[in-house]
Number of protein chains: 4
Amino acid sequence: MISNQKHNWRNRIHEVIYEADTPSGKLFDILLLIFILVSIVLVMLESVVSIDEKYHELLHIGEWIVTILFSIEYILRIISVKKPFKYIFSSFGIIDFLSTIPMYLSFFFVGSQALVTLRALRLLRVFRILKLARYLGASNHLKASLVASRVKIMVFLFAVMITSVIFGTIMYLVEGEANGFDNIPKSIYWCVVTLTTVGFGDIAPQTALGQFITTFIMILGYGIIAVPTGIVSAEYVRSGQKEDAENEALKTNGNSPSDNITIHLNSQHCSNCHASDHKDNSDYCYNCGNELNPLL
Amino acid sequence: MISNQKHNWRNRIHEVIYEADTPSGKLFDILLLIFILVSIVLVMLESVVSIDEKYHELLHIGEWIVTILFSIEYILRIISVKKPFKYIFSSFGIIDFLSTIPMYLSFFFVGSQALVTLRALRLLRVFRILKLARYLGASNHLKASLVASRVKIMVFLFAVMITSVIFGTIMYLVEGEANGFDNIPKSIYWCVVTLTTVGFGDIAPQTALGQFITTFIMILGYGIIAVPTGIVSAEYVRSGQKEDAENEALKTNGNSPSDNITIHLNSQHCSNCHASDHKDNSDYCYNCGNELNPLL
Amino acid sequence: MISNQKHNWRNRIHEVIYEADTPSGKLFDILLLIFILVSIVLVMLESVVSIDEKYHELLHIGEWIVTILFSIEYILRIISVKKPFKYIFSSFGIIDFLSTIPMYLSFFFVGSQALVTLRALRLLRVFRILKLARYLGASNHLKASLVASRVKIMVFLFAVMITSVIFGTIMYLVEGEANGFDNIPKSIYWCVVTLTTVGFGDIAPQTALGQFITTFIMILGYGIIAVPTGIVSAEYVRSGQKEDAENEALKTNGNSPSDNITIHLNSQHCSNCHASDHKDNSDYCYNCGNELNPLL
Amino acid sequence: MISNQKHNWRNRIHEVIYEADTPSGKLFDILLLIFILVSIVLVMLESVVSIDEKYHELLHIGEWIVTILFSIEYILRIISVKKPFKYIFSSFGIIDFLSTIPMYLSFFFVGSQALVTLRALRLLRVFRILKLARYLGASNHLKASLVASRVKIMVFLFAVMITSVIFGTIMYLVEGEANGFDNIPKSIYWCVVTLTTVGFGDIAPQTALGQFITTFIMILGYGIIAVPTGIVSAEYVRSGQKEDAENEALKTNGNSPSDNITIHLNSQHCSNCHASDHKDNSDYCYNCGNELNPLL
């Protein structure tokens, strides 16, 4: 494996930043998560007037430190991959960018630093460290069957929408502005609040007829809430049964099901095509054939 | 196929209006949906005082344009079918009529144009374009089993009703007018609000005894909410298992299940009896034997 | 069959009142249900101040007419059975008594006529007429399995109770009287309101710490609500599978499952021991051997 | 079995306190539960101002009596076991300590006696008396499968958390302090209130945009509520099916399933290692081999 000094240096960074299986990679990811959490807490504290008045300077400095660190990380991520645009336009790349830029924008637009909370999305990285992806991968059946029932879910949402529009308009006509149903969009909002059993109570029917119709809407909502739950439950049951059946089949074929689980995937990312979840001891990327950096 | 000029002209219209598989039919349906959505948005905007004050003329003109277009469509629908009454008294025919008439009624009755929002029901046509009907048809098992459990659902609604009447009366006696439980119907309304876990809070128990009884009602509601969800979940699971079993049976009979799915139904409507969902390449209506117009 | 004039006269009344399968019995039951509904509506209207002021006399007279009719019915029910105490202390007997007595008590205690709404319980008779009992009987599996899971349900209620007491006390300490958490019982009431996702909002946490704990309680409630639904769903699924398996077994044994359903039970009540649900064409009571009155 | 007087005396106490199968042990446990309930009611009553003003002395005395009895019980529990630290640091030991100490602390810290309500946790002992443990043990399948789906539950909680942070921040930006969304943590609290369908209504969106976003959050919450219910339902169904399958297997193996249930566990605790749930007629502890006291 021939590689010049610079190439080697980039490989190092790539490994630390993009992999979670090596000690240095793990340390990096944990530090990153801590900084993400710290930055979210900073933004939250800043929004609390009483705290912000006392510690404004401190919070502002902390915020800038985190932002600069994130900026460095973002730049390192770009320069350490061979095809930087693959990363930049990947979902994580966009989130990383959006969670770094607000502080710089705050020079131009007041209030834009509140968007920093989008950093919460970066917490999704936790899945990589905890290797949850492997567990989640086990529920492929579930994902497939949820996709299969997406039409049912769409029909359900459509039913909620039409019901809300119809009953929202009726309630607007029955209750009117005097009782808080100022206009049809607000009535529709109230109708969704009622159908979903949230029931804020900021708007509530005052007339006897309005209360009668509301009774009807609530019992309807009671029935509607059963639909998504029923769909999800049924899909969980079915996906579980299929898994059981497959495990059964594996057993009778003489293969212990544990054989199946011992295929280990590591968190290595190909520095060329950015594909991840390579099998342990892979020397070449399963996606583009690029030679993978050996785990140090 | 002998047909005079006029007959041909009507067939054309029939095809454009009633079918969604030809390019012109698809275009018509999409335009129709856009106009329906526009008309609903217009009515909503009109109900918002601040917007209505500024753009009253514009909204009114837009409303009339949509109404006139819908009127023309309604008339074309009637004249292009051989048996117009079949259409007029079909559920879609009634909805089309009710969503067109309110604007004309608004000459005589103030406020009746708000009923225009019934046009939302016309959105159900979207199912036809998206060919969702085919997917829905796949869940025939589900429909059948829900019908089978209708007695359970009735018993459930009956239980909610009796529980509400009994506890509504008790709460009226315990709390009384001073605490917002003005009369028994209002107490029953409050009881349904509580049992369904909506909980607006416009009326809430103030006495210790009332709060104690409310605690009981809420835990009861907790148990009751489980019933419809349980029924629907169980039916979904069962209908799913039946489908699986049938697919299994098909496979073992040497027929691949995909054979089953390749039976395509198109959205053609018979111009004589108004039946739809003919098989592709059908030349005659499966319901009345009338010759179908060939798809252009 | 030897019977004197008086015996015959009592048999007649017994048949009309206690049976729902003969034309006169059916008519009686339907009239009874109408009177029960009328009496409930009367009590409700009386509780609405504006209506009561206008039509007080009318409502009062109507109430007395219904009460006198119910009294006559109650007396006839007692004299037409051989063992009146069996009826008096049956659950229906007690409900009939409690729904008749309040008007008479209103001479002595003001407000006691509101208890008349207990008549709603008499609506349970509707099940007899609609022969729903037969359908309900079909869900014997369900009942059995719900009984089997009663320990799980008890454990669940116990968990809700202990959770409410603990968190109610904590919230009382955190929020205190100033924020509406006046005392521990009221805090516990609030905690149940929150755990069950009812959320009236008459009491709501005001301090930051209180809101943080509330967040925790709500997510807990989210998990707890899953338990009864899960239990009921699972039992429905299991009872459904058992029924399917039995129907399957019946089919393979050469007996069509419809044979099973053709065992008709009628609504005749034995005038001696008050047992009901005799098989059609039974001449003697299956419970005490008393000769049944032939259906006229 | 050689034992001196003192040893015998300690064994006696051990048996009365730690066992629920002997008459004296059962009596002790029932008395204990009554005192726990009494002490909880006392604390509750004390927190109600109107009652406390009238009966302050009485409540205070009652509270001290219970505390002293609990102290004696705690000391007896310690001296009657061979390895007291095993008990002291067991979960029940810690609860017993925490529920006894607050009254003594109240000499030093005002208000600390409210913690006495932690005694509610002692009610968990009821499971021992009612021998519910045996029933719960029957649902080992359930426990195992819930553990198996703990990753799904974690992912779900994580999703709720991230969703709340993101939408909480958005709502803070949209609604602002003027409409009650004072700061981001409060907005997140409101978001959890809405997602869980609790909906207190102490904070509610006032702007049109805020209400539109809320509609979206509520429908999302509707979908999210389906997830834990679906998981729990599916696990109940699966654990039920496994039990059925095992019962089936037992039957076909010629063993009646009732053989299984007749393995009786008693509530005896080993005085050496504190292990419980010994099989009836065991002479030695299954855990440490220590000779068990014969049941008197």
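**View 1. Polar contacts between chain C and chain D.** In this predicted model, one residue pair is in polar contact between chain C and chain D, both residues at pLDDT 80 or more. A polar contact is a pair of N or O atoms within 3.5 Å; within protein, one must be able to donate a hydrogen and the other to accept it, and residues adjacent in sequence count only if both atoms are side-chain atoms. Salt bridges across the interface of chain C and chain D number zero. A salt bridge is a side-chain nitrogen of Lys or Arg within 4 Å of a carboxyl oxygen of Asp or Glu.

The model is predicted: local features need pLDDT of at least 70, side-chain atom pairs count only at pLDDT 80 or more, and totals for chains, interfaces and linings use all residues. Residues are numbered from 1 along each chain as its sequence is written, chains are lettered from A and ligands numbered from 1 in the order in which they are written, and side-chain values use heavy atoms, with hydrogens and water left out.

**View 2. The side of chain C that touches chain D.** Here 42 residues of chain C meet 46 residues of chain D, where contact means heavy atoms within 4.5 Å. About 3,700 Å² is buried between chain C and chain D, and carbon and sulfur atoms give 77% of this area. Buried area is the accessible area (1.4 Å probe) that two parts lose on being put together, summed over both. Met218(C), Tyr222(C) and Arg238(C) supply 18% of what chain C buries against chain D, more than any other three residues.

**View 3. The side of chain D that touches chain A.** Chain D brings 42 residues to this contact, and chain A brings 46. The area buried between them is about 3,700 Å², with 76% from carbon and sulfur atoms. Met218(D), Tyr222(D) and Arg238(D) give 18% of the area that chain D buries against chain A, more than any other three residues. Three elements of chain D each give two or more residues to this side: α9 (150-175), α10 (184-195) and α11 (208-252). Helices (H or I, at least four residues) are DSSP runs, numbered from the N terminus. The most comes from α11(D), with 16 residues. By class, this side of chain D holds 25 nonpolar, 13 polar and four charged residues. Ala, Val, Leu, Ile, Met, Phe, Trp, Tyr, Cys and Pro count as nonpolar, Asp, Glu, Lys and Arg as charged, and the others, Gly among them, as polar.

**View 4. Pro185(D) beside chain A.** Pro185(D) sits in helix α10 of chain D. It touches Met44(A), Ser47(A) and Val48(A), not counting residues up to four places away in sequence. Pro185(D) is partly exposed, with a relative accessible area of 33%. Buried means under 20% relative accessible area, exposed over 50%, partly exposed in between (1.4 Å probe, protein chains only).

**View 5. Ser90(D) in its loop.** Ser90(D) lies in the loop between α4 (84-88) and α5 (91-105) of chain D. Its relative accessible area is 18%, so Ser90(D) is buried. The side chain of Ser90(D) reaches the backbone oxygen of Tyr87(D) at 2.7 Å.

**View 6. Helix α2 of chain C.** Helix α2(C) covers residues 23-47, 25 residues in total. From first C-alpha to last, α2(C) reaches 37 Å, close to the 36 Å expected at 1.5 Å a residue. The expected span is 1.5 Å times one less than the number of residues. Buried residues of α2(C) include Leu32(C), Leu33(C), Ile36(C) and Ile40(C).
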